[in-house]
Amino acid sequence: MDFNSSIRYVNERLQIDDCELEAIIAETGTPTYIYSLKRAGENYRRIRDLFAGPGARIHFSVKANGNLALLGALKEAGAGFDCVSGGEIYRVLQAGAAGEDIVFAGVGKTRAEIDFALESGVAWFNVENVAELDYINGAALEQGIDRARVALRLNPEVSAKTHPYMATGHGSAKFGLTADVIRQLWERQSRYSNIDFAGVHLHIGSQLGDIKATSAALDRLLELIRPHPQIRAINLGGGLPVAYRFGERAPALQDFAAAIAPRLAGYDLLLEPGRSIVADAGILVAEVLYVKRQAGQLFYVINASMAELLRPALYGAQHEIVPLLKTEGEAELAQVAGPVCESADVLARDRLMPPLRVGDKVAIMTAGAYGMTMASNYNARPRPAEVVVEESGDRWRVSRRRETWDNLTRSEV
Ligand code: LLP
């Protein structure tokens, strides 16, 4: 059975590319995130080929996965990067990218982060506050930068069909600037001696459930920029959806491309996909600690939790959970729970699960995006190790060591 071109059962054993997961885990232990660089690269190229025209560039959204080995592989494949903090810029530079590969976004950039971004020579600032512009202008002047390139982020007042925590384009959201503010800023652009107002940015949400809202938002954006010939670039953010459950059909990326690309002739298109590049390239492997029957329910308590993968607790997200070794026997409704002291710490509720025993290993699927980046040390849990399977498919390595108890206390004084 194949989950995708990289993750599949071969002789009843789950593999990632040509590496058997049991063999990796035997060396690394659990919980461990494992990423297929091959799959991430394929996803990147598929999106690039669907949307790319002359001048188009795909900036991988680092908030989805900041693993240095992964960032390095995407850089080699030609990707740029969407960063939302000085820390993410630092990470991307560490991974070998250059400032010109970076777009710097965020609703609350600090002055220190803006200074660092200018020093690093980032390609674009996606701007969401008027006061931020003043600061960028002054800092660019001070640093002797002729013009910092800015894309004002439009809040198009369009509600995306997605989880409310992932929608960003409705009028009451904290994100972006309304069209009237953007128009005023463009009218007054001569006041900003060191800013090049060359772009406009839009991101209405993540895991977008349909194309209609994106299309409506794009209508508003095109209407806004039509009278402004200085706008050369349109950054349409991220949000391309993926399927998390077996049999689920997310809107096809081709349909997004068909609705978007033909309308952007004459502009440079920038995209910031995160999830659609890495989600299905990664899994989190955990181990069954206890099997407990209580109050008519079957609990599998595993050694991964909301601290390692927050998405189920935060969004009610549903990740498939499958054993590394296919098991015989009747599937049964179960709760797959983590050890954290929170009732929200259930990774799968009322889920048909194959019979599992203590010590069995399971893979939590589609965990490559917003898994490790949202992991915490809650309950003083060291964060998991990360493994990458190289693009060749037959070699793997630990790209980030498992945290230790020493890591937990090291910064305390
Ligand atoms: N660009 C901007 C301005 C964004 O805010 C985001 C995501 C992206 C790009 C990348 O979106 P993607 O292509 O990955 O959908 N933690 C959540 C998702 C929140 C995403 C926030 N912004 C999750 O676990 O699903």
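**Exercise 1.** Determine how many bridges join β16 to strand β17 and in which direction the two run, and then identify the strand to which three bridges join β16.

*Solution.* Five bridges join β16 to β17 (residues 346-353), and these two strands run antiparallel; strands are DSSP runs of E with at least two residues, numbered from the N terminus, and two of them pair if DSSP finds at least two bridges between them. Within β17, A348 is the bridge partner of V336. Three bridges join β16 (residues 332-337) to β14 (residues 297-302), and here the strands run parallel, with A337 of β16 as the bridge partner of V301.

The model is predicted, so local features need pLDDT of at least 70 and side-chain atom pairs count only at pLDDT 80 or more, while totals for chains, interfaces and linings use all residues. Residues are numbered from 1 along each chain as its sequence is written, and side-chain values use heavy atoms, with hydrogens and water left out.

**Exercise 2.** Work out how the buried residues of helix α1 are arranged about its axis.

*Solution.* In α1 (residues 21-28), L21, I24, I25 and T28 are buried (under 20% relative accessible area, with exposed meaning over 50% and partly exposed in between, for a 1.4 Å probe and protein chains only). Seen down the axis of α1, these buried residues fall within an arc of 95°, taken from the directions from the helix axis to the C-beta atoms, so they line one face of the helix. A26 and E27, on the other side of α1, are exposed. Just after α1, G29 takes a positive phi of about 80°.

Technical notes
Helix = DSSP H or I, 4+ residues; strand = E, 2+ residues; numbered from the N terminus.
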